[in-house]
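Here is a short report on one protein chain. Read it with the sequence and the 3D view side by side.

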Amino acid sequence: QVQLVESGGGLVQAGGSLALSCAASGRTFSIGFMGWFRQAPGKEREFVAAIKWSPTTTIYADSVKDRFTISRDNAKNTVFLRMNSLKFEDTAVYYCAAGKGFYTTAAMKVSGAYTYWGQGTQVTVSS
């Protein structure tokens, strides 16, 4: 099993920045990729960004490309999501997820590819 714990959510004004962290513990050697998803009230969970271990590859949803950056710290088994130029529509609960095995970058955009999920952290952007 792998446990994921997110942190870093909060309230920020539009145009501001926020950084999320996701610390993985347990059988972390089984992880092949990690991602961030978000869910706004009344909407379905959507893909935000993902990073694959080998080769290191990052992918983003079009809505956050050039504003968000996903990265990882191998030594700390932690994945980060740096969010800049935040918009009101970025308001959501953000979930960290981890997947096993090898998936294409296209498949990594699908929530079903992920085995483990964190509890979520709220990000609220005021307009």
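Two strands pair if DSSP finds at least two bridges between them. Strands (E, at least two residues) are DSSP runs, numbered from the N terminus. This is a predicted model, in which local features need pLDDT of at least 70, side-chain atom pairs count only at pLDDT 80 or more, and totals for chains, interfaces and linings use all residues. Residues are numbered from 1 along each chain as its sequence is written, and side-chain values use heavy atoms, with hydrogens and water left out.

**Confidence**

pLDDT is the predictor's confidence in each residue, from 0 to 100. The chain averages 95, and 100% of the residues score at least 70. Strand E6 has the lowest confidence, at a mean of 95. The highest is in strand E10 (residues 116-117), at 98.

**The sheet**

Four strands form an open sheet. Their order is E1-E3-E8-E7, and the pairing is antiparallel. Strand E1 (2-7) and E7 are the edge strands, so each pairs on one side only. From one strand to the next, the twist averages 15 degrees; axes here are lines fitted to C-alpha atoms, and angles run from 0 to 180 degrees between N-to-C directions. Strands of a sheet pair through backbone hydrogen bonds, either parallel or antiparallel.

Now look at E7 and E8. Six bridges join these antiparallel strands. Which residue in E8 stands opposite Ile70? That residue is Leu81.

**The core**

Leu81 also belongs to the largest nonpolar core. A nonpolar core is a set of buried Ala, Val, Leu, Ile, Met, Phe, Trp, Tyr and Cys residues joined through side-chain atoms within 4.5 Å. Buried means under 20% relative accessible area, exposed over 50%, and partly exposed in between (1.4 Å probe, protein chains only). This core has 39 residues. Leu4, Trp36, Leu81, Met83, Tyr94 and Tyr114 touch the most other members.

What does Leu81 contact, leaving aside its neighbours within four places in sequence? Contact means heavy atoms within 4.5 Å. The partners include Leu18, Leu20, Trp36, Val48, Phe68, Ile70 and Tyr94. In soluble globular proteins, nonpolar side chains tend to be buried together.

**Salt bridges**

A salt bridge is a side-chain nitrogen of Lys or Arg within 4 Å of a carboxyl oxygen of Asp or Glu. The structure holds four.

| Pair | N to O distance |
|---|---|
| Asp90 and Arg38 | 2.9 Å |
| Lys65 and Asp62 | 3.2 Å |
| Asp90 and Arg67 | 2.7 Å |

The Asp90 and Arg67 pair links distant parts of the chain, 23 residues apart. Asp90 is in the loop between E8 and E9. Arg67 is in the loop between strand E6 (57-60) and strand E7 (68-73). Are these two buried or exposed? Asp90 is buried because its relative accessible area is 0%. Arg67 is also buried, at 11%. Arg38 is buried too.

Arg38, Glu46, Arg67 and Asp90 are linked in a network of salt bridges.

Lys65 and Asp62 form another salt bridge. Lys65 counts as partly exposed because its relative accessibility is 41%. Asp62 reaches 66%, so Asp62 counts as exposed.

**Backbone details**

Which peptide bond is cis? The bond from Ser54 to Pro55 is, with omega near -10 degrees. Pro55 sits in the loop between strand E5 (46-52) and E6.

Asp66 has a positive phi of about 75 degrees, although it is not a glycine. Asp66 lies in the loop between E6 and E7. Its relative accessibility is 80%, so Asp66 counts as exposed.

Ser85 also has a positive phi, near 50 degrees. Ser85 lies in the loop between E8 and E9. At 40% relative accessible area, Ser85 is partly exposed.

**A glycine in a loop**

Gly118 is in the loop between E10 and strand E11 (121-126). Gly118 counts as buried because its relative accessibility is 13%. Not counting residues up to four places away in sequence, Gly118 touches Leu4, Glu6, Tyr95 and Cys96. How far is Gly118 from Phe88 in space? The two are 23 Å apart, C-alpha to C-alpha, and 30 residues apart in sequence.
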